[in-house]
2 protein chains.
Amino acid sequence: MNVKEYMATLGQQARDASRRIVAATTGEKNQALLATADALEANREALAAANAIDMENGRANGLDAALLDRLELSPKVIDGMIDGLRQVAALPDPCGEITDLSYRPSGIQVGKMRVPLGVIGIIYESRPNVTIDAASLCLKSGNATILRGGSEAINSNKAIAECIKSGLKAAGLPEACVQVVETTDRAAVGELISMEDYVDVIVPRGGKSLIERISNDAKVAVIKHLDGICHVYIDDKADLEKAFNIALNAKTHRYGVCNAMETLLVAEAVAAEILPRLADAYRDKGVELRGCEKTRDIIDAAVANDEDWATEYLAPVLSIRVVADMDAAMDHIRQYSSAHTESIVTEDYSRGRRFIAEVDSSSVMINASTRFADGFEYGLGAEIGISTDKIHARGPVGLEGLTSQKWIVLGDGHIRQ
Amino acid sequence: MNVKEYMATLGQQARDASRRIVAATTGEKNQALLATADALEANREALAAANAIDMENGRANGLDAALLDRLELSPKVIDGMIDGLRQVAALPDPCGEITDLSYRPSGIQVGKMRVPLGVIGIIYESRPNVTIDAASLCLKSGNATILRGGSEAINSNKAIAECIKSGLKAAGLPEACVQVVETTDRAAVGELISMEDYVDVIVPRGGKSLIERISNDAKVAVIKHLDGICHVYIDDKADLEKAFNIALNAKTHRYGVCNAMETLLVAEAVAAEILPRLADAYRDKGVELRGCEKTRDIIDAAVANDEDWATEYLAPVLSIRVVADMDAAMDHIRQYSSAHTESIVTEDYSRGRRFIAEVDSSSVMINASTRFADGFEYGLGAEIGISTDKIHARGPVGLEGLTSQKWIVLGDGHIRQ
């Protein structure tokens, strides 16, 4: 069987399974999730053995330490997968929720029902635990899933897939509700993102270049996560103690994450007061500072150029710009932000109200660290990613983002006049 | 200036305008809509004169009667545009609505705010009144719009655009909130659907081939409406009086509309009772019947083949299939439906409950005519189209479908622990 036929078979099976799982009860779906958790627990040795092959191949193929670290299914990573499954089982089922059901003048009742998207294709890189994260969210939201992980994790992913299959079987659900692509042929990705008849949505998880390539080539809709060039703006009406804490936390709490601040904007009137103190704190943490001219008049910093404003460092590097006021800050954000997350620090009611209304990013904050932009912090329970798209789901995408709403109409023989 | 530069200029202007209109008050937007209505009223002669040029060119170019009919800006069509503007002004403003604002354990408050999509490109064919329909919905929902109408309507569209400009001016909003593409060069469409930096969503309105071409080529997200192959299933537990009325209304109320029934499915147990009566009524209305073998055992009908089940007739033609039961009906719907609208006629509670839950169409009905699938009937006030996509907006798309939701976070100096 060639790759095209193989993928079409997976697609047809997923479509069929999606038609079964849409009618699965919440209890059945939860049972499948919990039985999968039990299967992971019972098969720790088999998982470790499969992962050992991937790790050995990885070392032989010269994967770097960071990649090997992500590839490893340590006991702690397996614990995390088991916990994750149990947490998703405990979340409310989004499917079938009916809202806004009301009578129309014609006599019909019209409402909206939340429904699965159908079949979701997930394309990801080395981490095998994504197999469980993605499968559990898609399953709970009533979708069938086709998972295409990195070729370096193929043995780990197959072993995890066996556990999922046994979980689905225990709940009486079709095994094809979750399918792992078992070929490492790269053409499989091209097929997956083009099978409009079988796949409703693609969620790519990985680096920017992977996501851009998939978005460009996909015929199927993509829920995607590109950069996080996040800003904190310290207003001249800010409480400078809050500003200090937020600016420090947003940059230094973790560096390699999309919701870390990459550029700090400071109102000119308070720059001389806040920047020296912040600069000391950043330097203590080992953060490299790059600034505009006005910044460099106040603190020691390298020159920030236009490229800096447009860069997601994902590293202990921060660019700083002194701006005249909030309007200038919003202008900077409009020009350079990736529309992920921006925060204003201010005690001024009217400015906070305007910032929240006018800044067009997936998360907009007042007096809070950008690090809060996260599905767990927002109460979604879990997230499949953070969308930088403007339609469908924006920001952290949880179970609701993996569903849509259809219209339902209840009548009693009603006809159009 | 070449087309690429021209379109990029429109795009940049639209992006700038969208940043102004996102902060416009509901009052300003309503004022612009009402002032546009007044301008249409005051410029009836100029509109008629511009339209006369298009009509004359159309006749010279051999446009058929149906196209000329759609192209004409009769006094009645102008009345409709004026009414439409006033109705949209009267609708609630979707922008800025904050929902689900609640405290998280960390102390932050998290909620969702409804926001415009940004810049919407509308591509449509001959009807010049779409210019007003689309512009008014986009304006009310806080979006900037670039309108690309059919070249045969260019003079009418330019004249309408002047009225919109004066309306925007009266409200103090930038004229670039609504821009009509003033070149008839076909390359303009290609540019419009590719300008990812300037355009957030494309809404094509027109025939299936136009929409398919645009969907295939677009780099920007598309909210699209493809076929409406709608079904009514008459269950053996149906009230046959209701079934008769609904089946007749769904087919014969109007023929050339997407929510008209194209295939009637009838449970075998009641086929002999209901079909002869229905066949007589359809024949009285001049509807051509095509049926499966079992149908043709009961009534006179041509042979329906596989192509019939997959065809949106948009004409007084109906295909009829006798099925064993609701499961067989749902199987048929899964195979042939375009996922627009399906209705079951039944008095059986459990079957109705299953049909609503399991049929994956944008509108699913019990005991109601498919003709109700419409933005006005659903209470949206107006619609820009009926989406057959599964993500973002499904079914009738009104103001809400032209918006998205961003996350807002309100804190008091909160940082991640």
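The exercises below concern a predicted model.

**Exercise 1.** Classify the packing of helix H10 (residues 240–252) of chain B against helix H11 (residues 268–284) of chain B, and describe the contact.

Solution. 
- Step 1. The two axes lie 10 Å apart, at an angle of about 40°.
- Step 2. H10(B) and H11(B) are therefore oblique to each other.
- Step 3. Their crossing is right-handed.
- Step 4. H10(B) contributes Leu240(B), Glu241(B), Ala243(B), Phe244(B), Ala247(B), Leu248(B), Lys251(B) and Thr252(B) to the contact. From H11(B) come Val270(B), Glu273(B), Ile274(B), Arg277(B), Leu278(B), Ala281(B) and Tyr282(B).
- Step 5. Sorted by class, the contact of H10(B) with H11(B) has 10 nonpolar, one polar and four charged residues.

**Exercise 2.** Determine the relative direction of helix H2 (residues 26–42) and helix H6 (residues 129–140), both of chain A, and list the residues that make the contact.

Solution. 
- Step 1. The axes come within 9 Å and cross at roughly 160°.
- Step 2. This angle makes H2(A) roughly antiparallel to H6(A), the cut-off for that class being over 145 degrees.
- Step 3. The crossing of H2(A) and H6(A) is right-handed.
- Step 4. On H2(A) the contact residues are Lys29(A), Asn30(A), Ala32(A), Leu33(A), Thr36(A) and Leu40(A); on H6(A) they are Ile132(A), Ser136(A), Leu139(A) and Lys140(A).
- Step 5. The contact of H2(A) with H6(A) has five nonpolar, three polar and two charged residues.

**Exercise 3.** Derive the relation between chain A and chain B from their superposition.

Solution. 
- Step 1. Two copies of a chain are related by a rotation about an axis and a shift along it.
- Step 2. His392(A) has the C-alpha nearest the axis in chain A, at 1.9 Å from it.
- Step 3. Both copies use the same surface, with 100% of the contact residues of chain A recurring in chain B.

**Exercise 4.** Characterise the aromatic pair of Tyr378(A) and Trp407(B).

Solution. 
- Step 1. Over all chains, the structure holds two aromatic pairs.
- Step 2. In the pair of Tyr378(A) and Trp407(B), the ring centres are 5.0 Å apart and the planes stand at 35°, so the pair is tilted.
- Step 3. Tyr378(A) sits in the loop between strand S14 (363–368) and strand S15 (385–387) of chain A, and Trp407(B) in strand S17 (residues 403–414) of chain B, so the pair joins two chains.

Methods. Residues numbered from 1 in each chain as written. Chains lettered and ligands numbered in written order. Predicted model: local features only at pLDDT ≥ 70, side-chain atom pairs only at ≥ 80, totals over all residues. Heavy atoms only, no water. Axes fitted to C-alpha atoms, helices over the stretch in contact; angles between N-to-C directions. Helix = DSSP H or I, 4+ residues; strand = E, 2+ residues; numbered from the N terminus. Parallel < 35°, antiparallel > 145°, perpendicular 65-115°, else oblique. Left-handed = near helix turned anticlockwise from the far one by under 90°. Contact = heavy atoms within 4.5 Å. Nonpolar A, V, L, I, M, F, W, Y, C, P; charged D, E, K, R; others polar. Least-squares fit on C-alpha atoms with pLDDT ≥ 70 in both. Phe/Tyr/Trp six-rings, centres within 6.5 Å; stacked < 30°, edge-to-face > 60°.
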